[in-house]
Amino acid sequence: MKTTNKMCFGVGLPSIIVIFVTLCLTTLAALSLMTASADNKLAEKSAAYSEAYYTALGEAQEWLSQSDAMLQAGEMPETTKNFPLSDRQALAVTLQIAGSRCRIESQKLVVTEQWNYDQYAPQYGDIIVP
Amino acid sequence: MNRQGISRGQIFLVELILMILFFSVTAAVLLQVFFKAREYSMDSALLSKAIIAAESTADRTLALPLSDAKNSGDVVYLDENWNAADESSSAYELHVQWTEEPAAGQLTGLTITVLSSETGDAIYTLETKKYYSANEGGAV
């Protein structure tokens, strides 16, 4: 009696497994690349913001030196000035005049331009609180 | 019956070989994508840490009184974990440079550069200015 050599796996099963594994790996690769790319963009934005902040800080120091020189020359400098960091943010510096010298009394980040909340149509019945 | 069984086995083997070929090509492409993602991730982590190091050094240097600021221009060596290290074991260098020596009544530029010790490439550079008032000679 002859014995038949029957395969335990059906034809097409390797294709299904490989396609499934490939799809999983492709999804994973795409997600990791997107996350890493977003992190990289965020780090670059953070670097640009930090550079802008310290540039504004330097401009404020320059203004302080000019104000000090004006005061020495007998002129009265303005005591408040904004140094823009971006379209919406600025470094607001206030000077304190003490005798013939001036010093920085306060410096803080201020929002120069508010969001226009009216341009966003309310969705799902939510209320935008400015 | 026997001939039919062998035939199915051959088809199965051919399919298996084709799938291995397909998978190896796909894996080669996907590995490149994973390496690219790792590269992006390492770059952003390096930049973030360089920003923190440069900012903290800038804040510390700008807060110094004039007498200490005169001696603050220096190179700080950092290891792979961004801790202070010797020059020989350093992975990163932090250069603190004044454009001119700080003096009373003078505006001076300050540049802080984070470099890779291995390649010498600048990772991040921060530039600002500092004015020391003539009368007090301290931090303004």
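Which side chain meets that of Arg101(A) in a salt bridge? The partner is Asp68(A), with 3.3 Å from N to O; a salt bridge here is a side-chain nitrogen of Lys or Arg within 4 Å of a carboxyl oxygen of Asp or Glu. Arg101(A) lies in strand 3 (residues 101-111) of chain A and Asp68(A) in helix 1 of chain A, so the pair ties together parts 33 residues apart in sequence. Helices (H or I, at least four residues) and strands (E, at least two) are DSSP runs, numbered from the N terminus. Asp68(A) is buried at 0% relative accessibility, and Arg101(A) is buried as well, at 18%. Buried means under 20% relative accessible area, exposed over 50%, and partly exposed in between (1.4 Å probe, protein chains only).

This is a predicted model, in which local features need pLDDT of at least 70, side-chain atom pairs count only at pLDDT 80 or more, and totals for chains, interfaces and linings use all residues. Residues are numbered from 1 along each chain as its sequence is written, chains are lettered from A and ligands numbered from 1 in the order in which they are written, and side-chain values use heavy atoms, leaving out hydrogens and water.

Over all chains, the structure holds three salt bridges. One of them joins Glu62(A) and Lys129(B) at 2.7 Å, N to O. This pair crosses between chains, from helix 1 (residues 13-72) of chain A to strand 4 (residues 122-132) of chain B. Glu62(A) is partly exposed at 27% relative accessibility, and Lys129(B) is partly exposed at 30%.
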